[in-house]
Amino acid sequence: MALPGGGNLLCHPNSKLDSFLKRNTDRAVYERIRAYEPCIVVSDTVNKVYMHVVLTDECVYLAEYPPRTLTAAVNFSHVRDIELVNDFPDFLSGKDRERSQHIRIVYAASKPSGKGDDWGQRVGREQELHMSRSVRSTSCPNPKTLGLLRHPGPPTQPPSPAPSLHSSVSPVLSPSSDRSPKTPEPGQVSRRRGSALARLLRRDRATGGERDGGERKREAELHLYAVSQMSQIYLHLQSTWNSYIIRSTRLLDPLYRKMGSASSDSSPHKQPPAIRCVRSWERTALLFHQLSAELLQEGISLESLYLLLQELSTAAHRNVTLRKLFWKSSEMCVFLVQSLEDSLHGCQSPKGVHTADQLLLSTLIAQTLAVMFRETEVEPARLSLLTTKKGALTARMLLALLCDPELHNQESPVHSELQALLAEYLDTACSLLFELVVLGQEASRCSSTENLLTVGWILRVMQPHPHLLSFIGYQAQQVVLVLSGIQQLVLSPVQSVLLFQRCRLLLVCLQYSHHLGQHLRSHYREEFRYYVKLSCAEEKLPSHYPISQPTLGLVKQLLDLILHR
């Protein structure tokens with residue numbers, strides 16, 4: 001676990017909760033905890049109770065205040081939307097009411113099959129497989145008989161557990177239920193698109209009638225009220241959900257899944273889990289230090305550099321521990337940025353064009369850097385390295401990844417091969433820039449002034465680059481091309497993730513930069529008007545991809561900003 005309080009985007013530490021989590025969760029689960037924060041919780045089974053919200057890479061857990069049990073409330077695989085609600089809770093007063101953040105998590109829950117069916121406990125039972133021992137202490141009763149406070153005390157004085165252990169569970173309170181979208185009837189689904197199977201899939205998605213293992217699904221809501229003025233739980237929720245949908249969508253691709261599958265130990269089941277975890281960490285640290293020493297040696301050949309970077313990138317795909325070690329080793333990040341600068345900009349051919357070797361190496365470097373950003377948002381060493389010396393290393397990375405998307409050696413016999421390699425690099429560079437933009441968005445929403453890596457700062461750093469407009473324009477062209485019907489009908493998982501990243505990048509340009517926004521509207525408004533259709537995007541993004549619905553939301557926002565503003 002990244003220790004809370006280690007960076008500006010992290011929550012304040014709680015020694016009692018941290019000790020409880022260490023005792024009652026498997027180390028592998030504990031190490032993937034991103035953040036925790038106390039909130040007032042409202043759900044199907046909890047009515048306005050002050051609880052700890054604990055986020056891991058895959059799940060939202062709830063624990064009492066003080067902690068006695070750990071219950072899995074929502075798995076990110078079931079989440080459909082996470083949003084801030086602009087309201088003032090009627091059960092709070094004074095400053096707490098004014099500064100509260102109301103977060104609504106919409107997710108797919110199993111329809112109750114009978115009396116006493118509890119969604120939270122069903123999810124909790126599924127998650128018990130990841131725990132090293134029961135998370136319920138001997139002093140805690142069954143959750144169904146746990147006393148729940150109807151009106152918590154002030155946030156500065158968290159309420160103690162209710163004296164009665166047999167209070168009835170209060171029904172869910174939905175302050176925004178009157179604004180919830182109505183569920184369309186199956187007959188309302190449009191019949192003008194695609195095959196019968198495609199229509200059935202869309203109808204299933206629209207009505208919320210998915211089936212998972214023969215179980216009907218319904219739409220449910222989890223409401224979190226953060227009452228701290230410095231609360232960042234919404235940022236963590238959005239970041240964790242985005243990471244989850246990207247990772248789970250990529251894993252639908254067989255090649256990506258094979259690349260990311262970790263090699264097993266020779267005798268993994270002959271040792272206790274704690275020993276296996278410690279030894280796994282030791283092996284990862286040894287591997288990273290060996291790779292670092294070989295990469296940083298003087299006079300390394302281009303071929304050796306490429307092979308070692310391939311090994312580093314593959315190992316980082318498979319192991320988040322290696323990614324954390326990367327950020328703790330400032331030398332490696334500086335080395336990769338320097339290598340990208342030299343490969344992409346510093347050693348072109350005499351005619352001023354790229355060679356195939358340079359493009360291949362640049363793509364691998366950008367890919368390795370992008371991998372290192374994944375699931376390390378709360379790693380203190382990452383933020384420290386990227387912000388040191390007023391963000392000097394981050395600025396070098398931003399300027400190094402930008403390049404001219406056009407080749408100017410039209411008469412070269414290898415032009416088509418180089419154009420394909422350049423297109424591959426531009427895809428990878430977009431993924432890396434996306435990670436940096438996400439970092440900037442989190443910093444922009446953070447009230448602390450210590451973190452300078454905001455979206456505005458990132459755009460100002462890139463502003464003087466001579467190829468910024470053409471680079472961003474290329475990303476817009478690719479969105480138009482993918483959604484215009486010219487390419488294949490259905491996008492692959494990796495292509496869907498890239499579309500999501502491009503749309504996020506273009507939205508940031510439109511929302512935060514007048515210069516880039518004006519460029520996109522003046523040069524690409526007609527292409528988006530005539531070629532980009534939401535109905536086409538729906539058919540190209542399979543409904544079973546976790547990233548499909550968020551991507552459709554981005555496409556809709558993108559069309560609105562380009563066409564109507």
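Guide: Pro 66 lies in the loop that runs between strands β3 (59-63) and β4 (70-75). Strands (E, at least two residues) and helices (H or I, at least four) are DSSP runs numbered from the N terminus. This is a predicted model, in which local features need pLDDT of at least 70 and side-chain atom pairs pLDDT 80 or more, while totals for chains, interfaces and linings use all residues. Residues are numbered from 1 along each chain as its sequence is written, and side-chain values use heavy atoms, without hydrogens or water.

The peptide bond that joins Tyr 65 to Pro 66 is cis, with omega at about 0 degrees. Most peptide bonds are trans, and most residues other than glycine have a negative phi. Lys 48, which belongs to strand β2 (residues 47-56), is not a glycine, yet its phi is positive, near 55 degrees. Lys 48 is also buried, at 11% relative accessibility; buried means under 20% relative accessible area with a 1.4 Å probe, protein chains only.

Glu 375 likewise has a positive phi, about 60 degrees, without being a glycine. Its place is the loop between helices α12 (356-373) and α13 (380-401). With a relative accessible area of 12%, Glu 375 too counts as buried.

A cavity is a set of points, on a 1 Å grid over the protein atoms alone, where a 1.4 Å probe fits but cannot get out; lining residues have an atom within 4 Å of a point. The volume of this second largest cavity, about 90 Å³, is the space filled by probe spheres on points joined across faces, edges and corners. In total, the structure holds 4 cavities of 30 Å³ or more.

Note on methods: Buried < 20%, exposed > 50% of the residue type's maximum accessible area, 1.4 Å probe, protein only. 1 Å grid on protein atoms, 1.4 Å probe; cavity = no way out; pocket = protein on both sides within 12 Å on 5 of 7 lines; lining within 4 Å.
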